[in-house]
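This report covers the helices, the nonpolar core, the salt bridges and the surface patches of one model. The structure comes next.

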Amino acid sequence: MSENMDFEESMDKLDDIVKKLEDGNLSLEESFKLFKEGLELSQKLNKALNDIEGKITMLINENEEIPFNFEEDKDV
């Protein structure tokens, strides 16, 4: 992801790259350049997803230690 693009913008950019490559109307050099850019975006997006997954796992693990007593809510 570029420093100026958020996750969703990077996904949109990657989608645009894939569409251009699938069209097949590019020169070999242009195709290679876009492929490289798409690969770099894909790696950065994957890292962002892994980072978020780790944070979510930490939150879930932290909340598993909090006892929930649903019996008290029955009277409400």
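## Basis and helices

Helices (H or I, at least four residues) and strands (E, at least two) are DSSP runs, numbered from the N terminus. This is a predicted model, in which local features need pLDDT of at least 70, side-chain atom pairs count only at pLDDT 80 or more, and totals for chains, interfaces and linings use all residues. Residues are numbered from 1 along each chain as its sequence is written, and side-chain values use heavy atoms, with hydrogens and water left out.

Helix H1 spans residues 7–23 and contains aspartate 16. Helix H2 spans residues 28–64, and isoleucine 56 lies in it.

## Nonpolar core

A nonpolar core is a set of buried Ala, Val, Leu, Ile, Met, Phe, Trp, Tyr and Cys residues joined through side-chain atoms within 4.5 Å. Buried means under 20% relative accessible area, exposed over 50%, and partly exposed in between (1.4 Å probe, protein chains only).

Five residues make up the largest nonpolar core: Leu14, Ile17, Leu34, Leu41 and Leu45. H1 and H2 are the elements that give two or more residues to this core. H2 supplies the largest share, three residues. In soluble globular proteins, nonpolar side chains tend to be buried together.

## Salt bridges

The structure holds three salt bridges, each defined by a side-chain nitrogen of Lys or Arg within 4 Å of a carboxyl oxygen of Asp or Glu. One of them joins lysine 13 and glutamate 37, with the closest N and O atoms 3.6 Å apart. This pair links distant parts of the chain, with lysine 13 in helix H1 and glutamate 37 in helix H2, 24 residues apart. Lysine 13 counts as partly exposed because its relative accessibility is 29%; glutamate 37, at 28%, also counts as partly exposed.

Within helix H1, aspartate 15 and lysine 19 are four residues apart, about one turn of the helix. Their closest N and O atoms are 3.2 Å apart in a salt bridge. Aspartate 15 has a relative accessible area of 38% and is therefore partly exposed, and lysine 19 is partly exposed at 46%.

Aspartate 51 and lysine 47 lie in helix H2, also four residues apart, about one turn of the helix. The closest N and O atoms of this salt bridge are 2.9 Å apart. Aspartate 51 is partly exposed at 37% relative accessibility, whereas lysine 47 counts as exposed because its value is 51%.

## Surface patches

Patches are made of residues with over 30% relative accessible area and no salt bridge; like charges are joined within 9 Å, and nonpolar side chains (Val, Leu, Ile, Met, Phe, Trp, Tyr) within 5 Å. Asp6, Glu8, Glu9, Asp12 and Asp16 form a negative surface patch. Asp and Glu count as negative, and the place of a charge is taken as CG of Asp or CD of Glu. Aspartate 16 is partly exposed, with a relative accessibility of 39%.

Ile52, Ile56 and Ile60 make a nonpolar surface patch of about 260 Å², the accessible areas coming from the Shrake-Rupley method with a 1.4 Å probe. Isoleucine 56 has a relative accessible area of 44%, so the residue is partly exposed.
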